[in-house]
Amino acid sequence: MVPVEFVKCVTVDEVRARLASGRAFSALLIDSGAPGVDRDLIDDSRACGCAVIVVDDGRHRRDWTSLGASAVLPATLTRSELLEALDAHAVAISRRDVLPTATSPPLGTWRGQLVAVLGAGGVGSSTIAIALAQGLGSDVRLGGLVLLADLGLDADHAMLHDVGDVMPGVQELVEAYRNGEPSSAEVRALTFSAGERPYDLLLGLRRHRDWVTVRPRAFDAALDGIRRVYKAVVADVDADLEGETQCGSLDVEERNLFARAVTAHADVAVVVGLPTPKGVHRLVRAVDALLEHGVDAARVVPLVNRAPRSPRARAELTSAYAELVGSRTATARSIAGPVFVPDRRHLDDIIETGKRLPTALTAPVTSAVQAVLDRVDERHELVVSSHEPVAVAPGSLGSWIEDDDG
């Protein structure tokens, strides 16, 4: 009845195989009740230039438009309705069989600030993330809308905050965005209160191997979603940023999804190290990994945790860091010297009881991060102002009076 070539697929896996074959398709017509139909499948189809038309019988009550579907048709669709949807959203395939392009649905423009905190194991990056979240949460400009997201493969913040539970967490958040567009209240319902500390907590993976359950498109949507709910998001991530380009393994890239996605979108990346030869070396190596991943050097903040209080010892650490960075690229050498956070006795007891961390821990990292965020905001305002028209105040341009003589 419809003048098109129709290729029938029995499973979602067969659909993915067809899309990955390199052949161009105009549209994907799919049943809303088919198992495996989610945001990732829709995004994969649109990335291949294939419009997605969902036939919805109304039983699942999912917002297919927010998931990226091009059109939604009723189960009792007619020939004319299908042809109209294809004419409006599908792209005709030329004889040369060139893959067409499809535009993504527009997203909102406002996003909260995203700060990534990373470091090698045992350097105290989780403690620094807590201190930063507390410092930002105390900023009246953010109105208490600060989230600490535990996005490491070995998630520890449920234990550090003594939550007493392991769910809901990031898996439930990603699942919510995989199948829909949750409201702000629904997103906040997936977080925990940090007690005396002025921020919310998003728990991480319950087991290291659970990373295989998180799909890339759904996680990107979830990361974007929490930034539309909170004014600042502090993400505690791993320092492993390797992808397929570096090691030739797509599995490794998917395993490092959290760290790669967060650092790629972060306004600031705080790299944590220790005041030892090995600690400084690994600090520089983590900075190199960020720069190789495409992170702007102006957004990187190196930090030495448990730093000595002696000015001489700190000067030696700064010199050692500068010497190691000096052997790298000019981009790495443009990064400012490290921020020092002093050691604190009985810090584990303070964290365990859920009390506020001392100002000596929160102030240095918060001030350094806020300074970078302010520079980023100023740069953004300059870019915006150069493209948007500015109203002219009456009388600001002077006046012109014609001379009677000519």
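I started with aspartate 38, whose side chain makes a polar contact of 2.4 Å with the side chain of arginine 178. I count as polar contacts N or O pairs within 3.5 Å; within protein, one atom must be able to donate a hydrogen and the other to accept it, and residues adjacent in sequence count only if both atoms are side-chain atoms.

This is a predicted model, so I kept local features to pLDDT of at least 70 and side-chain atom pairs to pLDDT 80 or more, while totals for chains, interfaces and linings use all residues. Numbering runs from 1 along each chain as its sequence is written, and side-chain values use heavy atoms, without hydrogens and water.

**Aspartate 38 and α2**

I placed aspartate 38 in the loop between β1 and α2. I took helices (H or I, at least four residues) and strands (E, at least two) as DSSP runs, numbered from the N terminus. Is aspartate 38 buried or exposed? Aspartate 38 is buried, at a relative accessible area of 2%. My cut-offs are under 20% for buried, over 50% for exposed and partly exposed in between, with a 1.4 Å probe and protein chains only.

I listed what aspartate 38 touches, leaving out residues up to four places away in sequence: Arg16, Arg62, Arg178 and Asn179. Contact here means heavy atoms within 4.5 Å. Aspartate 38 also caps the N-terminal end of α2, with a side-chain oxygen 3.3 Å from the backbone nitrogen of aspartate 40.

I then went along α2 itself. Seven of its nine residues are buried, so α2 is largely enclosed by the rest of the structure. The buried ones are Arg39, Asp40, Leu41, Ile42, Asp44, Ser45 and Arg46. They pack against α1, β1, β2, α6 (170-178) and α8. Glycine 49 follows α2 and has a positive phi, near 75°.

**Helix α1**

I looked at α1 (residues 12-20) next and found Val12, Val15 and Leu19 buried. Why do I say that they line one face? Seen down the axis of α1, the buried residues fall within an arc of 50°, so they line one face of the helix. The arc is taken from the directions from the helix axis to the C-beta atoms. An α-helix has 3.6 residues a turn, so residues three or four places apart point the same way.

On the other side of α1, I noted Asp13 and Ala20 as exposed. The cover over the buried residues of α1 includes β1 (27-31) and α2 (39-47). Just after α1, glycine 22 takes a positive phi of about 95°.

I found aspartate 56 in strand β2 (residues 51-56). It is buried at 15% relative accessibility. Its side chain makes polar contacts with the side chains of serine 32, at 3.2 Å, and tryptophan 64, at 3.5 Å. Beyond four places in sequence, aspartate 56 is in contact with Ser32, Trp64, Val72, Leu73, Pro74 and Ala75.

Aspartate 224 sits in helix α8 (residues 216-229). It counts as buried, at 18% relative accessibility. Its side chain makes a polar contact of 2.3 Å with the side chain of arginine 111. I also checked glycine 112: it is 112 residues from aspartate 224 in sequence, but the C-alpha atoms are 9.0 Å apart.

**Cysteines**

How many disulfides does the structure hold? I found zero, taking a disulfide as a pair of cysteine sulfur atoms within 2.5 Å. For cysteine 9, the nearest cysteine sulfur is that of cysteine 50, 9.9 Å away. Cysteine 9 is partly exposed, with a relative accessible area of 26%. Cysteine 50 is buried, at 2%. Its sulfur is 7.5 Å from the closest cysteine sulfur, in cysteine 48, which is too far for a bond.

**Cores and totals**

I ended with the whole chain. It has 16 helices and 11 strands. Of its 406 residues, 44% count as buried. Among contacts between residues at least 6 apart in sequence, 74% join residues at least 24 apart.

The largest nonpolar core has 54 residues, and those with the most contacts inside it are Leu151, Phe219 and Val262. A nonpolar core is a set of buried Ala, Val, Leu, Ile, Met, Phe, Trp, Tyr and Cys residues joined through side-chain atoms within 4.5 Å. Apart from this core lies another, of 41 residues, among them Ala120, Ile128, Ile130 and Val369.
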